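Dear colleague,

I am handing over the structure below, and I would ask you to keep it open while you read the notes that follow.

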Amino acid sequence: MLTKAASSVLKAVLALAFAASLSLQIGALPAAANSAAQSFPEVADLKWPVLALSVAWLVCFEFALACVWRLLCAVEADRIFSSASARWVDGIAWAVAVACLLTAAFLLLDVLTGIGPISVPLAALGVLVLSLGVLAAVVVVRVVLHNATQLQSDMSEVI
């Protein structure tokens, strides 16, 4: 069972991650996009597509954080083994899958336009590989949660 202190710490970390993501989304990314467009006018037309991809990626991250928050609440209420929890894990999987597609779109845009040094597409490729790994882990967790939910249901029928 999760202690109240551990739950509070986890919720604080989730809230801080959400706030940091939101501040990036609202302030830092638009400012960086404007600065890059002014500094490199030859690629200024890519400001909006890259900004849109970046903001959409952060929205996926924020949605996944909200799903994790709901799962944490389910753990606190001792209702983690339910179909509702499975839906929240599905939400995380979909958010990560969409983030993978957005990363692939950025990678394709970068390769086609040749903007930036070689480290940019390499970093995007690294993010894509890590995101696919996270997606695989979430899918495995989904299967484990489904099996555990089924076992708990079977045990409650026996008892």
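This is a predicted model: local features need pLDDT of at least 70, side-chain atom pairs count only at pLDDT 80 or more; totals for chains, interfaces and linings use all residues.

Sorted by class, the lining of the second largest pocket has 13 nonpolar residues and one polar residue, and no charged ones.

The largest pocket, for its part, contains about 730 Å³ of space. It is lined by 27 residues, of which Val50, Ser54, Phe106, Ile115 and Val120 are the closest to its centre. Here H1, H2, helix H3 (83-113) and helix H4 (119-158) each supply at least two residues, and H2 provides the largest share of the lining, namely six residues. By class, the lining of the largest pocket divides into 21 nonpolar, three polar and three charged residues.

How do helix H1 and helix H2 cross, and at roughly what angle? The axes of H1 (residues 4-39) and H2 (residues 47-76) come within 10 Å of each other and cross at roughly 175°. Because angles over 145 degrees count as roughly antiparallel, H1 is described as roughly antiparallel to H2. The contact between H1 and H2 involves 21 nonpolar, five polar and four charged residues.

With best wishes

Conventions: Residues are numbered from 1 along each chain as its sequence is written. Side-chain values use heavy atoms; hydrogens and water are left out. Axes are lines fitted to C-alpha atoms, for helices over the stretch in contact, and angles run from 0 to 180 degrees between N-to-C directions. Helices (H or I, at least four residues) and strands (E, at least two) are DSSP runs, numbered from the N terminus. Angles under 35 degrees count as roughly parallel, over 145 as roughly antiparallel, 65 to 115 as roughly perpendicular and the rest as oblique. Ala, Val, Leu, Ile, Met, Phe, Trp, Tyr, Cys and Pro count as nonpolar, Asp, Glu, Lys and Arg as charged, and the others, Gly among them, as polar. On a 1 Å grid over the protein atoms alone, a cavity is a set of points where a 1.4 Å probe fits but cannot get out, and a pocket is an open set with protein on both sides within 12 Å along at least five of seven lines; lining residues have an atom within 4 Å of a point. Grid points are joined across faces, edges and corners, and a volume is the space filled by probe spheres set on the points.
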